[in-house]
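I opened the model to look up its charged side-chain pairs. My notes are below.

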Amino acid sequence: MQLKKEELIELEEAKVYAEYNAEKLREKLDLTLEKNERSQIITEIATLKHQIEQLKKQQNIMYSLVEGVKEFKSSDLNSENIVLPEDDWLQDWQEKASRFSNQHAYSLWGKILAGEIKNKGTFSYRTLDILKNLTQEDAELFLKAVSISFSSANLIFIIDSISESKTLTYANWATLQDIGLVTQVSSLPPEISYQVSLNTPMRIESRDYTFIVETNNEPFEFLERCYIFSEAGKSLLKIIDFEENLEYFKSIKKYFEEKYSSAKVTLLNKRETIIT
């Protein structure tokens, strides 16, 4: 970490120096009348602009790398079990991380690197291509979707009668599909179907909560419309911090109990405490 801080300082100093020289050349250009000298100054400015751009890219990579390091404990970093991704993957990651100059992007690309190191294969090249176009607005939209999702099951129920489900409009879902984070957004979305009986209760989980759907007597078919997270969406779920909407899950519980007359629905948190 100390080494990275020193490298970041050196990059910043080099960029500031190049920007200072470029500005001085621009001032000189304004005062120069000789054609040959103007041509030379313009060439020097172009060279400095390229140098500044490359320094910015290196800074972006370094800041993202620092954010990635933060995802590990000190003992993890000193472990011999740490295995870096393949060179081609790292090169692709660097190319994409170099394009962004804000804290949100540094954090995202740092988490992506850490996630790939911890679990190789989490982020495919296609997923990296999708995430490189992710804006702050896109990320906030995805967080809204995740807050009312069964993230561990990689799905979001579409239940119009629940107010929390209307947090996102159809246009929002279509946007998330265009981005590449959810799939099969249409007027006829896919359905999840499960035969619930005395011997086969249904268990469905989010990150923080677990639903157990059982029958009081007669077997019944559980059938609901849903949207599905794409591979990129599932990969992103593994690294982002988000807060789930407990009121939504309570509403889901009530909805299931009212729709399926034979259903007994239990909502638990991950400490196995029943939520009423």
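These entries go from the overall count to single pairs.

Entry 1. I am working with a predicted model, in which local features need pLDDT of at least 70, side-chain atom pairs count only at pLDDT 80 or more, and totals for chains, interfaces and linings use all residues. Residues are numbered from 1 along each chain as its sequence is written, and side-chain values use heavy atoms, with hydrogens and water left out.

Entry 2. I looked up the secondary structure and found 10 helices and 8 strands; these are DSSP runs numbered from the N terminus, helices being H or I with at least four residues and strands E with at least two. Of the 276 residues, 44% are buried (buried is under 20% relative accessible area, exposed over 50%, partly exposed in between, with a 1.4 Å probe and protein chains only).

Entry 3. I searched the whole structure for salt bridges and got 14 (a side-chain nitrogen of Lys or Arg within 4 Å of a carboxyl oxygen of Asp or Glu).

Entry 4. I checked K111 and D241, whose side chains form a salt bridge at 3.7 Å, N to O. K111 sits in helix α5 and D241 in the loop between α9 and α10, 130 residues apart. K111 is buried at 13%, while D241 is exposed at 60%.

Entry 5. In helix α9, E231 and K234 are 3 residues apart, about one helical turn. Their closest N and O atoms are 2.8 Å apart in a salt bridge. E231 is exposed at 53%; K234 is partly exposed at 24%.

Entry 6. In helix α10, K253 and E257 are 4 residues apart, and I noted a salt bridge between them at 2.8 Å. K253 is buried at 16%, and E257 is partly exposed at 32%. Elsewhere, salt bridges with shared partners join D92, E95, K96 and D129 into one network.
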